[in-house]
Amino acid sequence: MTTPFYVSPQQAMADRAEYARKGIARGRSVVVLQYADGILFVAENPSRALHKVSEIYDRIAFAAVGKYNEFENLRIGGVRYADLRGYTYDRDDVTARGLANVYAQTLGTIFSSAAEKPYEVELIVAEVGDGPEDDQIYRLPHDGSIVDEHGSVAVGGNADQISSYLDQRHREGLTLAEGLKLAVESLARDNNGGERSLTAEQLEVAVLDRTRPQQRKFKRVLGSQLARLLESEGTPADSAAEGESPAEESTDTEE
Amino acid sequence: MDFLGAHQPELLPGNRPLPAVQGAIEAPHGTTIVAATFPGGVVLAGDRRATMGNLISQRDVEKVFPADEYSAVGIAGTLGFAVEMVKLFQLELEHFEKVEGTVLSLEGKANRLSTMIRGNLGMAMQGLAVVPIFAGWDVDREKGRIFSYDVTGGRSEEHGFAATGSGSLFARGALKKLYREDLTESETTTAVVQSLYDAADEDSATGGPDLGRRIYPIVTVINEDGFKRLTEAEVSEIARTIHERRLEAPDGPRAPLL
């Protein structure tokens, strides 16, 4: 029988973190930022079927990068947690803070359990409030820690670079079109300073819109609406007007 | 729901032990619900009365609920169980939509409700039945459809119009004489409120429009734009017009003999 080599706990944890970070860095990024009427999610994602951004509950949405099967698992867990809580108590009792805590526990347990490989995912849980100051954005790295973010945040491949680009340019009270423009610009930046151009087909865009009349504030920005918002980039005066339109367009009434 | 069953079975209606009682329990009951289709949508409406034995337990109870964006449920029967059933039904549709990323078909939703009613059979045997009507816009076939149920969960699609609850006999009779397949949306809502008026006229457990207290029936319309509940102003307009005409002809509009 062979005796296993001694590996110090520090080394073991560092190895696992390194493994998870590398996995996350391979994928495309997701940007989440606050705009005047809510929270905007923009992901570079050519797939129409596999979503990186999804609805969790009335005011809560989820964005993730990394391995699809792993974060999909976490997403379904989150939906179950939220629906169960909302059914047992009240819809108002489901909060992003509670959900972020559950995710942190799950990720932390998996990260430090020697039996499992660490999840190669990084999550964002965001909740839109009645006003911009009530918005909450939590970032959950692979090791189960929680980072409370304000304004804008990026996760995934080029997260550091994109975050610093966003931090310099993000301001409060952006319109939807301005926010989208900023997000797309930041995602289009390459590792080595070059720029790619991203089209509407390569983007997955969704908003948590506090002005939506329905209880469920999550809405995907798709097709022609997305193209129109992207086109309005050049002229800031127009973009302000365009930013208003999605709220008015949603004529469907749920309750 | 399966998940709920595995994790917190006490939250599911079917999993509670039945209390051993003699005779029927006195609990608030909801009364009359009517539905009618028209080209381009479906109308689902209900009166506002809840009764407990021979007493009126609530005058302004709401018995028509949106199930999701394109469907609604109207409930008659034991109010507590019915409201819980609707809540669970809404939860299930929303949960499916979020997890799967697509919406259930209208047939799928109707079948699901059927299972839930069957789960309540034990309670129904003790006099605490729940009998809903499910109405919705079928996105695939592009038409409004109505499904009615019996206590055992038997599901049948109704063509044209349907009614459930204690006043349903009268409401259905009235609607039968007023309904035509080519009614417009506003004509259908009027016909439906007329039938509720007639039900309230004959059945003590059904409440008519209460002009004094401004309590009017709940009238909802589901069409390709989704679920919409008529505002109080809109329903009061319909109810008042009908009331005015009934002051002259108390039995309402007369159908031709042949």
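Strand 2 and strand 9 of chain A run antiparallel and are joined by seven bridges; two strands are taken to pair if DSSP finds at least two bridges between them, and the strands (E, at least two residues) and helices (H or I, at least four residues) are themselves DSSP runs, numbered from the N terminus. This is a predicted model, in which local features need pLDDT of at least 70 and side-chain atom pairs count only at pLDDT 80 or more, whereas totals for chains, interfaces and linings use all residues. Residues are numbered from 1 along each chain as its sequence is written, while chains are lettered from A and ligands numbered from 1 in the order in which they are written.

Within this pair, A:I39 has A:L208 of strand 9 as its bridge partner. Strand 9 of chain A is mostly covered, with six of its seven residues buried, where buried stands for 20 or more other C-beta atoms within 10 Å of the residue's own, exposed for 12 or fewer, and partly exposed for the values in between, the C-beta atoms being placed from the backbone.

## The sheet of chain A and its surroundings

The two strands belong to an open sheet of five strands in chain A, ordered 8-1-2-9-10, in which the pairing is antiparallel. Strand 8 (152–155) and strand 10 (218–221) of chain A are the edge strands, each pairing on one side only, and neighbouring strands of the sheet are turned by 20 degrees against each other on average, direction ignored. Angles here run from 0 to 180 degrees between N-to-C directions, with axes drawn as lines fitted to C-alpha atoms, for helices over the stretch in contact.

Helix 5 (residues 176–187) of chain A lies across strand 1 (30–35), strand 2 (38–44), strand 8 and strand 9, and runs at about 30 degrees to strand 2; contact between two residues is counted if their C-beta atoms, placed from the backbone, lie within 7 Å.

The secondary structure of chain A comes to seven helices and ten strands, and 42% of its 255 residues are buried. Of the contacts in chain A with a separation of 6 or more, 65% are between residues 24 or more positions apart.

In the loop between strand 2 and strand 3 (53–55) of chain A lies A:A49, which counts as exposed because it has 5 C-beta neighbours inside 10 Å. From C-alpha to C-alpha, A:A49 and A:V155 are 21 Å apart in space, and they are 106 residues apart in sequence.

## The sheet of chain B

Chain B has an open sheet of five strands in the order 11-2-3-12-13, with antiparallel pairing. Strand 11 (161–164) and strand 13 (226–229) of chain B stand at the edges with a single partner strand each, so one side of each is left without a neighbour in the sheet. Neighbouring strands of this sheet are turned by 15 degrees against each other on average, direction ignored.

Strand 3 (residues 41–46) and strand 12 (residues 218–223) of chain B pair in the antiparallel sense over six bridges, and B:V43 stands opposite B:V221 of strand 12. Helix 5 (residues 168–178) of chain B packs on the sheet, where it touches strand 2 (33–38) and strand 11 of chain B, and its direction makes about 160 degrees with that of strand 11.

## Helix packing in chain B

Helix 5 of chain B also packs with helix 6 (residues 185–202) of chain B, at an angle of about 140 degrees and with their axes 8 Å apart. The two helices are therefore oblique to each other, given that angles under 35 degrees count as roughly parallel, over 145 as roughly antiparallel, 65 to 115 as roughly perpendicular and the rest as oblique. The contact involves residues of helix 5 of chain B including B:F170 and B:L175, and residues of helix 6 of chain B including B:Q194 and B:D198.

Helix 2 (residues 79–100) and helix 3 (residues 106–119) of chain B pack at an angle of about 140 degrees, with their axes 11 Å apart, which makes helix 2 of chain B oblique to helix 3 of chain B. Here B:M85, B:L88, B:F89, B:E92 and B:L93 of helix 2 meet B:K109, B:R112, B:L113 and B:M116 of helix 3.
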